Amino acid sequence: MKSKSTLTRLVSYTKPYAFLLFIALLSAVVSVAVTLLIPVLTGDAIDYMVEGDVDFESVFKYIYILLALIAAGTLFQWLLTACTNSLTFRTVRDLRNQLFEHINKLPLKYLDCQQQGDITARISSDMDQVSEGLLQGFTQLFSGVLTIVATIGILFYLNWIIALVVLVLTPLSLFVASFITKRSHSTFAAQAVKRGEVSGYVEEIFAGHKLVQAFSQEVSQKKIFDVHNQELYKTGFKSQFYGALVNPCTRFVNNLVYASVGVVGALIALWSDAPMSLSAGLLFTCLMYANQYTKPFNEITGVITEIQSATAAAKRIFKVLDEPQEESDENNEALTDCDGSLKIDDVYFSYIADRPLIQGLNLDVKQGQRIAIVGPTGCGKTTLINLLMRFYDVNQGSISMSGKDIRTITRKSLRDNYGMVLQDSWLFEGTIKENIAYGKCDASDEEIINAAKLANAHDFIDKFPDKYDTMLTENGDNLSQGQKQLLCIARIMLTHPPMLILDEATSSIDTRTEMKIQDAFYNLMQGRTSFIVAHRLSTIRECDVILVMKDGNIIEQGNHNELLAKRGFYYTLYNSQFENS
């Protein structure tokens, strides 16, 4: 995406607030007009003081007018700032909302391939860069350009010789601005990318900080961070270096223009045969205009630097927004009467085209059956769950629920019919009550407490001073791993879905608690179709059907006793866990 099209697309987000933009531009025009009128009136007042006796009456009249103009200029400058602030922050708010909403609709395969920290950086720090660029652009860019054009026009009206002097030196200002802009764009783009990489790495390391310490990898991780940080420093130094050139370079041009106008103006004032006469007051006016003319070049160059940074950040944001969402299913029907039956018919699936995973998988699940899925790591157990929930779509074949291809029903209705407890518990910052009621926000306190009791979570919750109103930190870090898992189980027990997916759901719970949870699960699973992914084979001995997977295929199928009797792969797996029993 080119910078110009990126900037145009970014500005298009301001359309809903065109009225604010109109008021801001109108305020800028009035503010600039007042600013440009002040030098003329000041010069006239000076002429009343240097030509013979001082005309105090006229001088004070001009002072009153100047005070009124300064007050008006201040008011419209405040109005300009207020409108541009409101316009910018509303625009960025809308863009951030759109990005967040879009991320929630992206297919899981995209998010699986991205660093979480990098995605976070696009929502936070990149948005801040966009906000700063828009704010500077709306506040200073229009006013600066208007000031330059109006000033040179007034100078030509007052004294065309001085205007030509200013105009001749203008290309120098343009050259400085162009030089800095061209060299800053690529460096700001690189800086935005590196900033996202550093954010992603830091979030990754802090998420696994206990493991880093457990393996004594603090020094090695610090070295890796130093490499990332040094790369960010280099790109940041280059971008800031060119940004730092703005002030001294433009000040040099400003002083050169000001000095040239002063010298030429003085010569004209002393030259009696000059084409245009120049009084002391008019010379002062021209000097003020020369200063006002060059000042916007300084501001505009700085604004362009900010816009370059904002454009680089916007590119990263739009790159995510341009990622295709999950295929729309708004025309699909909603599955309302799920009987719990499921059929997998000749399914093929792979994450990478040239690396086959699941090949020719067939399965017919009856209502209320408890299906256990076991096998070595990487055999396709979790992949099968992803396909059942339609986090990924099959490459070939079909999966049907209650006789309907799941691709013909809405994802929401499909997933509403599943209750899912994963190995990695997920809790958000909020009360215990809010976390349990995540899948049923309108649940009563009695329902929440009953669900917690079924999950054997009520006892430890009741020991907290605030009980169910106890605040949890991010990801529930003020709870043990087992307690977090119990809350996730209680969350599912509250929703009572017709189908269950338990992916190592009791892996973080001690054996005694696990036995109680298994009893609760068996009660919950009565009449409900359940898929249970497990490594501890002792937890699935009572299942109706055990699917033994290897290399994406079901190689054995039957109940616990039948599979042991076959003395096949399941027999080997089972005895490897209980060889000492």
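**Note on the predicted model**

1. C83 is buried, at a relative accessible area of 7%; buried here means under 20% relative accessible area, with exposed over 50% and partly exposed in between (1.4 Å probe, protein chains only). C488 also counts as buried, at 7% relative accessibility. The structure holds 0 disulfides, a disulfide being a pair of cysteine sulfur atoms within 2.5 Å.

2. On provenance: this is a predicted model, in which local features need pLDDT of at least 70 and side-chain atom pairs count only at pLDDT 80 or more, while totals for chains, interfaces and linings use all residues. Residues are numbered from 1 along each chain as its sequence is written, and side-chain values use heavy atoms, with hydrogens and water left out.

3. An open sheet of 6 strands runs in the order β6-β9-β10-β3-β11-β12, with mixed pairing. Strands (E, at least two residues) and helices (H or I, at least four) are DSSP runs numbered from the N terminus, and two strands pair if DSSP finds at least two bridges between them. The edge strands, each pairing on one side only, are β6 (418-421) and β12 (553-558). Neighbouring strands of this sheet are turned by 20 degrees against each other on average, direction ignored; axes are lines fitted to C-alpha atoms, for helices over the stretch in contact, and angles run from 0 to 180 degrees between N-to-C directions.

4. β6 pairs with β9 (residues 499-503) in the parallel sense, over 4 bridges. G419 stands opposite L500 in β9. Helix α17 (residues 481-495) lies across β6 and β9 and runs at about 175 degrees to β6.

5. In helix α15 (residues 445-454), the buried residues are I448, A451 and A452. They cover an arc of only 100 degrees around the axis, so they sit on the same side of α15; the arc is that of the directions from the helix axis to the C-beta atoms. Their cover includes α14 (432-436), α16 (458-462) and α17, with contact meaning heavy atoms within 4.5 Å. N456, which follows α15, has a positive phi near 60 degrees.

6. The largest nonpolar core has 39 residues, of which I436, I461, L487, I540, I546 and Y570 touch the most other members. Such a core is a set of buried Ala, Val, Leu, Ile, Met, Phe, Trp, Tyr and Cys residues joined through side-chain atoms within 4.5 Å. Its largest share, 8 residues, comes from α17. Not counting residues up to four places away in sequence, I436 touches I448, A452, I461, Y468, L487, A490, R491 and L494. Another core, of 34 residues, lies apart from it and includes Y392, I406, L414 and Y418.
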